[in-house]
Amino acid sequence: MAVATEREYGLFINGERNQGGATGETRELSEPASGEPLARVASAVEADVDRAVEAAQAALAGDWGKAPPTERSRLLHALADAIQANRKELAELEVRNVGKAISSVKAELAQGVENFRFYASAIGSIAGRSNPIGGSLLFYSLKEPVGVVGQIVPWNYPLMMTTWKLAPALAAGCSVVLKPDSATPLTALRIAELATEVGFPSGAINVVPGPGTTVGAHLVRHPRVDKIAFTGSTATGGEIMRLASDTIKRLTLELGGKSPNIVFADANLEDAIPSSVWSIYYSAGQSCEARSRVLVEAPLYDEFVSSFSEAAKRLRVGDPLEPETQVGSLISAEHRDKVHGFVERGRAEGAEVVAGGEPPEGKGAFYPPTVLANVDNRMTVAQEEIFGPVVTVIPFEDEKDAARIANDSRYGLMATVWTSDPARGHRLARRLKAGTVGINMPYTAFPGIPFGGYKQSGFGRELGLETLELYLETKSVLVSTSPKPFNPFGL
Ligand code: NAD
């Protein structure tokens, strides 16, 4: 059942690429930016997940399970090298599949390479501890891989999310069944191939593209999958918690956001304005940590809205393969309609559209950078994740008011503060309910720095040393050094 041509992709199970699924079903993919056909991809069904889980279990019982930390580290570095060497091909594949600007994809790819390198080194930190408990008792702990891990990733950063997920799991010695979104599986499939080429044993990495409600749900319920690491929407995260409860599965959830970007009147606007523009419009706003609520201190509000909107209108929207493009296409026409629906809802609730707000004519799922002013934080557009290039600008009175509005959200992924008063920045860092707080710093995710959510943005952390713990079990070993038998019943 091997898939024949270059434009066709199969499942990746047990070290073998191009496998047709159990039912032979396929899905046609087209490029979001042009509508042109892109690829035909095999679609997994439940029986394929079973096969992938079996391969992952066999890998743990075989070569992969026996690989010492030094060998795992060597393989992670080799995969980083292979991704780096194939970066042009991978970047183009990602751009054609997702529609986002190549400038963003290049940065994501570079970070993906660093993720593998970080965890290749971090393997050295995996260690148990020991301490003498009493005269005749010695305790030590072992760190063991959790086992087979199901990893489910969304469509917005398919390549980067694949690296966020694979690197710590493989460093910890787990084997993986990765389920990309069925619309964006191409770079994950290619990375699995590269992993095999550099020597990862068969079954250590398996990739099964397919629908979430069947293939994803089966992976979550699977009794032989030990842990699920999920990135996606809060609604699906809740469903995954329910599905995982039957088998008491270990779980980490990286979910949605509605992150605030707080600008005080004393901020350096030369930095705050372009950085705030970037913080919402990179990746066309399809980003979990997009700073989609800009809170502006009242005396600065009108000037800020005007300068921000002018900058947003100057962004270059268009062909995502053009190096100069700053905002590419959205993932699909359906998603574009959903984004536009939110803008219409904002208008109806009283927001003023000061930039963008109308989908352009022509091919491709483009949407212009859009600014909604005069927004109240209780409006739908300020509470719901729009996941497109749409920002809401909300005034605040003082520091306390800024923190109150920022925290008035069910999400808590990220927050950014712009001020020239360092003490105020640090005070807010403590008050804000968010997994990451940036002070005069728009960037959010770096290998080595824990990334994750408070509240309904999920739990668990990615990218940090902490992440390794989430792929490890701790086993306590108790040793008697007593020369006398214990004989607890006095027999
Ligand atoms: P989604 O929840 O619809 O889908 C995510 C993945 O889950 C896909 O692979 C999908 O097929 C799968 N899935 C869907 N239903 C499932 C089910 N019942 N069981 C198992 N798997 C299922 O999310 P999306 O729309 O693809 O992605 C966008 C969301 O992801 C946004 O909310 C965004 O904020 C979030 N996100 C979060 C982070 C983070 O690190 N916190 C990063 C990127 C994206």
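**Between the domains**

Modeller: Between domain 1 and domain 2 the count is 10 residue pairs in polar contact, both residues at pLDDT 80 or more. A polar contact here is a pair of N or O atoms within 3.5 Å; within protein, one must be able to donate a hydrogen and the other to accept it, and residues adjacent in sequence count only if both atoms are side-chain atoms.

Colleague: Before we go on, what are the ground rules?

Modeller: This is a predicted model, where local features need pLDDT of at least 70 and side-chain atom pairs count only at pLDDT 80 or more, while totals for chains, interfaces and linings use all residues. Residues are numbered from 1 along each chain as its sequence is written, and side-chain values use heavy atoms, with hydrogens and water left out.

Colleague: Which elements give two or more residues to the side of domain 1 that touches domain 2?

Modeller: Those are helix H4 (87–98) and helix H5 (102–122); helices (H or I, at least four residues) and strands (E, at least two) are DSSP runs, numbered from the N terminus. H4 gives the most, with five residues. By type, that side of domain 1 divides into nine nonpolar, nine polar and six charged residues, with Ala, Val, Leu, Ile, Met, Phe, Trp, Tyr, Cys and Pro counted as nonpolar, Asp, Glu, Lys and Arg as charged, and the others, Gly among them, as polar.

Colleague: Where are the domain bounds?

Modeller: Domain 1 is 7–255 + 457–476 and domain 2 is 260–439, going by an automatic or database domain assignment. Their centres, taken over C-alpha atoms, are 31 Å apart.

Colleague: And how many residues are in contact across them?

Modeller: 24 residues of domain 1 are in contact with 26 residues of domain 2, contact meaning heavy atoms within 4.5 Å. The buried area between them is about 1900 Å², and carbon and sulfur atoms give 58% of that. Buried area is the accessible area (1.4 Å probe) that two parts lose on being put together, summed over both. Trp155, Tyr157 and Ser457 supply 26% of what domain 1 buries against domain 2, more than any other three residues.

Colleague: How many salt bridges between the two?

Modeller: One, counting a side-chain nitrogen of Lys or Arg within 4 Å of a carboxyl oxygen of Asp or Glu. Lys363 pairs with Glu36, with the closest N and O atoms 3.8 Å apart. The whole structure has 28 salt bridges.

Colleague: New topic: where is Ser34?

Modeller: Ser34 is in the loop between strand S4 (26–30) and strand S5 (37–42). Its side chain reaches the backbone nitrogen of Glu36 at 3.1 Å. Leaving out residues up to four places away in sequence, Ser34 touches Lys363 and Gly364.
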